[in-house]
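Subject: Handover of a structure and its findings

Dear colleague,

Please find below the structure that I am passing to you. My notes on what was found in it follow directly after it.

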Amino acid sequence: ETRPDSTGLYSEIDQALSWRYPYQGAAQAPAKLSVTQARGRLYPEEDPESAKARWLNPLIRPSAEPPAFIAGPAAEASLARGTALHKLLSQIEPAKALKSIGQRRESFAPAGEEAYGKAAAAYLEELAEGLLSKRFLTPREKEYLDTGPLLRYLSGPLFLRAAAADARGLCQREASFTISIPARRLYPDLGAAGEDPVMIQGAIDLFFEEEEGLVLVDYKTDRVRPGEEERLVRDYRGQLLLYGEALLALSGGKPIKELLIYSLALGKTIPVI
């Protein structure tokens, strides 16, 4: 038999026990994200594949893919190859590299593009050995390193543009950044908590300044075939736009004239904007 609640005590207890924290969504939404985690949420119209990921906490979402050492030798080799390429690229100082290649070039015959290629190959081998001795590059990564894509890069116009800017002190590699954006841009359903800040962390592979503005470059090792350039743009446009936001903050608002993907597989520069 239910006893009458003449004092209202039962109602108070029921109200207390049924209380729910009004910002539960905000409590489950990470306050700091990497660029990879944030790109689909910030630019879903530009990055439809990433926008499909609507999990509450991307920091603890389990990966659908096994680690490379479990996936098999082919996956491990592919990972080691891509990692090695990125590590070498991160250590190439354009102006210094171009000068070193030019000095080596004179010792190779015949003169011309062939001599430049041999000099660039010698430069890369010395760079790789130095990184190996410093344990920045692992023996496995060195074993799988294919310098062919790097040689094409060092012989291309993008590298020469970067070297020219670097010689003027207007080039930067591996530019780490942390930017703050309103939470509502990532989590539109947070209500009042949407004005709280969320931190985005990442690193820009390369940017340099020319007369008309800044040029941002992102290196990609994805295995693509000629004619599949649009696939890279589709997959990474949101990421490049986010990098552009970060670069505006890093540079104090300088205009950005180009966002570029450099595909190591294709050996070419692909404009995003």
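Accessible areas come from the Shrake-Rupley method with a 1.4 Å probe, and for residues only the protein chains shown count as cover. I13 belongs to helix α1 (residues 9-17); helices (H or I, at least four residues) and strands (E, at least two) are DSSP runs, numbered from the N terminus. With a relative accessible area of 42%, I13 is partly exposed, where buried means under 20% relative accessible area, exposed over 50%, and partly exposed in between (1.4 Å probe, protein chains only).

Two conventions apply to these notes. Residues are numbered from 1 along each chain as its sequence is written, and side-chain values use heavy atoms, with hydrogens and water left out. Because the model is predicted, local features need pLDDT of at least 70 and side-chain atom pairs count only at pLDDT 80 or more, whereas totals for chains, interfaces and linings use all residues.

The chain as a whole

The protein chain has twelve helices and six strands. Of its 273 residues, 38% count as buried. The chain exposes about 15,600 Å², of which carbon and sulfur atoms supply 52%. A contact means heavy atoms within 4.5 Å; among contacts between residues at least 6 apart in sequence, 68% join residues at least 24 apart.

Aromatic residues

The structure contains four aromatic pairs. Rings of Phe, Tyr and Trp (its six-membered ring) pair if their centres lie within 6.5 Å; planes under 30 degrees apart count as stacked, over 60 as edge-to-face and the rest as tilted. One of the pairs is Y153 with Y219, edge-to-face at 5.6 Å centre to centre and with 85° between the planes. Y153 lies in helix α10 (residues 148-154) and Y219 in strand β4 (residues 213-220), so this pair ties together parts that are 66 residues apart in sequence. Both Y153 and Y219 are buried.

The rings of F177 and Y243 have centres 6.0 Å apart and planes at 85°, so they too form an edge-to-face pair. Since F177 is in strand β2 (residues 171-182) and Y243 in helix α12 (residues 229-251), the pair ties together parts that are 66 residues apart in sequence. F177 and Y243 are both buried.

Y153 and Y219 also belong to an aromatic cluster with F159 and Y262. L158, in helix α11 (residues 157-167), is buried, with a relative accessible area of 4%. Not counting residues up to four places away in sequence, L158 touches Y153, F208, V217, L260, Y262 and T269. L158 and Y262 are 104 residues apart in sequence, with their C-alpha atoms 8.7 Å apart in space.

Salt bridges

How many salt bridges does a search of the whole structure find? The search finds 18, a salt bridge being a side-chain nitrogen of Lys or Arg within 4 Å of a carboxyl oxygen of Asp or Glu.

- E126 and R104 meet at 3.0 Å, N to O. E126 lies in helix α8 and R104 in helix α7 (residues 94-105), so the pair ties together parts that are 22 residues apart in sequence.
- E210 and R161 meet at 2.8 Å, N to O. E210 lies in strand β3 (residues 197-210) and R161 in helix α11, so parts 49 residues apart in sequence are tied together. E210 counts as buried at 17% relative accessibility, while R161 counts as partly exposed at 26%.

R161 and E210 are also linked with E212, K257 and E258 in a network of salt bridges.

Backbone

Most residues other than glycine have a negative phi. R135, although not a glycine, has a positive phi of about 65°. R135 is in the loop between α8 (113-133) and α9 (139-144) and is exposed, with a relative accessible area of 77%.

Yours sincerely
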